[in-house]
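Visitor: Before we start, please show me the sequence and the model.

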Amino acid sequence: MALPTRYVLFLTVLLLLKNTCEAQIVKHKTHLQISNYMETELTIHCKSKDNDIGVKTLPPQGSYAFSFRPNFWNSTLFFCKFTWKDGSHWFDIYVQTRDQHSCVKNCNWFVVKNGSGVCRLIEGEAHLVDMCYPWNDASHAESSHH
Ligand SMILES: *[C@@H]1O[C@H](CO)[C@@H](O)[C@H](O)[C@H]1NC(C)=O
Ligand SMILES: *[C@@H]1O[C@H](CO)[C@@H](O)[C@H](O)[C@H]1NC(C)=O
């Protein structure tokens, strides 16, 4: 019995999509969250080259979150500006080549209590720290992305 052409076409498209996903051309979604562990209000503004995530002011313990799909070329980059009463700092919060193996579905970061930088948690662990980084060097931070 011959299958209707439309049905065959539909199956072909499904199969193509499935292979595309397996080849990681279409990547899984990554959810990124930054929590404020300082004892003061913190304003965060994250962006990529083409995407402005927006500005949010967080109370102590508050968080800023967004989702994205890492790209095929491993070049996804999101950078954020952190402003509080002591001034402003920049940090590259998602650098695909640095982060894609450490946090696949959930990238959880926090701003350390003393405001010296940020730490990333081990994926799937609520309290275990993977890596801590100081803020981007002030001279390269703004100029490198704009
Ligand atoms: C992206 O990174 C993955 C894992 O490190 C690697 O297997 C893949 O070849 C890279 N893709 C490109 C386009 O460079
Ligand atoms: C701030 O805290 C981090 C970790 O919580 C620590 O590594 C760093 O030395 C501290 N910096 C200052 C200036 O106290």
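Guide: Strands are DSSP runs of E with at least two residues, numbered from the N terminus, and two strands pair if DSSP finds at least two bridges between them. The model is predicted: local features need pLDDT of at least 70, side-chain atom pairs count only at pLDDT 80 or more, and totals for chains, interfaces and linings use all residues. Residues are numbered from 1 along each chain as its sequence is written, chains are lettered from A and ligands numbered from 1 in the order in which they are written, and side-chain values use heavy atoms, without hydrogens and water.

Visitor: Why are S5 and S6 called paired?

Guide: Strand S5 (residues 77-84) and S6 share eight bridges in the antiparallel sense, and the requirement is at least two, so they pair. Leu 77 stands opposite Val 95 in S6.

Visitor: What makes S3 and S6 edge strands?

Guide: The open sheet has four strands in the order S3-S2-S5-S6, with antiparallel pairing. S3 (52-58) and S6 (87-95) each have a single partner strand, so one side of each lacks a neighbour in the sheet.

Visitor: Which residues are around ligand 1?

Guide: They are Phe 72, Asn 74, Gln 100 and His 101; the criterion is a heavy atom within 4 Å.
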